Amino acid sequence: MALTEDLSVFLADFGVICTSGAVTGLGLLDMPSELVADGVVLSTDYKLICLASEFGNLKYADTITVAGATYTVRETLLIDDGKFCEVMLLKP
């Protein structure tokens, strides 16, 4: 017997609306800050966790709108079993 799972429940409470091309879905935007250059510069790294079935095919330089802000894709990485992905982003 095959198990079916509804992965959208993982994003339902805290997910924000994401759109790339004709695809719209939910994702979790993470914006951790990091001190670089011997503590002189504060850098923010943007990462979107979302369903791979919706945004797993994004490539370098593609654009995506997350919660109304436009970002450029750096890379897309599958997580664990490949159902979710991390999309590393740049904010222009």
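Tutor: We can go through the fold, then the core, then the charged pairs. This is a predicted model, in which local features need pLDDT of at least 70, side-chain atom pairs count only at pLDDT 80 or more, and totals for chains, interfaces and linings use all residues. Residues are numbered from 1 along each chain as its sequence is written, and side-chain values use heavy atoms, with hydrogens and water left out.

Student: OK, how many helices and strands does the chain have?

Tutor: The chain has two helices and eight strands, where helices (H or I, at least four residues) and strands (E, at least two) are DSSP runs numbered from the N terminus.

Student: And which strands make the barrel?

Tutor: Six strands close into it in the order β1-β2-β5-β8-β7-β6, with antiparallel pairing; strands pair if DSSP finds at least two bridges between them.

Student: Switching to the inside, which residues have the most contacts in the largest nonpolar core?

Tutor: They are Leu48, Ile64, Val66, Tyr71, Val87 and Leu89, in a core of 15 residues. A nonpolar core here is a set of buried Ala, Val, Leu, Ile, Met, Phe, Trp, Tyr and Cys residues joined through side-chain atoms within 4.5 Å, and buried means under 20% relative accessible area, exposed over 50%, and partly exposed in between, with a 1.4 Å probe and protein chains only. At least two residues of this core come from each of β5, α2 (52-55), β6 (63-66), β7 and β8.

Student: What does Leu89 touch?

Tutor: Leaving aside neighbours within four places in sequence, Leu89 is in contact (heavy atoms within 4.5 Å) with residues including Leu29, Tyr46, Leu48, Ile64 and Tyr71.

Student: How many salt bridges are there?

Tutor: There are two, counting a side-chain nitrogen of Lys or Arg within 4 Å of a carboxyl oxygen of Asp or Glu. In one of them, Arg74 pairs with Asp45, the closest N and O atoms being 3.5 Å apart.

Student: Why does that pair tie together parts that are apart in sequence?

Tutor: Because Arg74 lies in strand β7 (residues 69-79) and Asp45 in the loop between β4 (41-44) and β5 (46-51), the pair links parts 29 residues apart in sequence.
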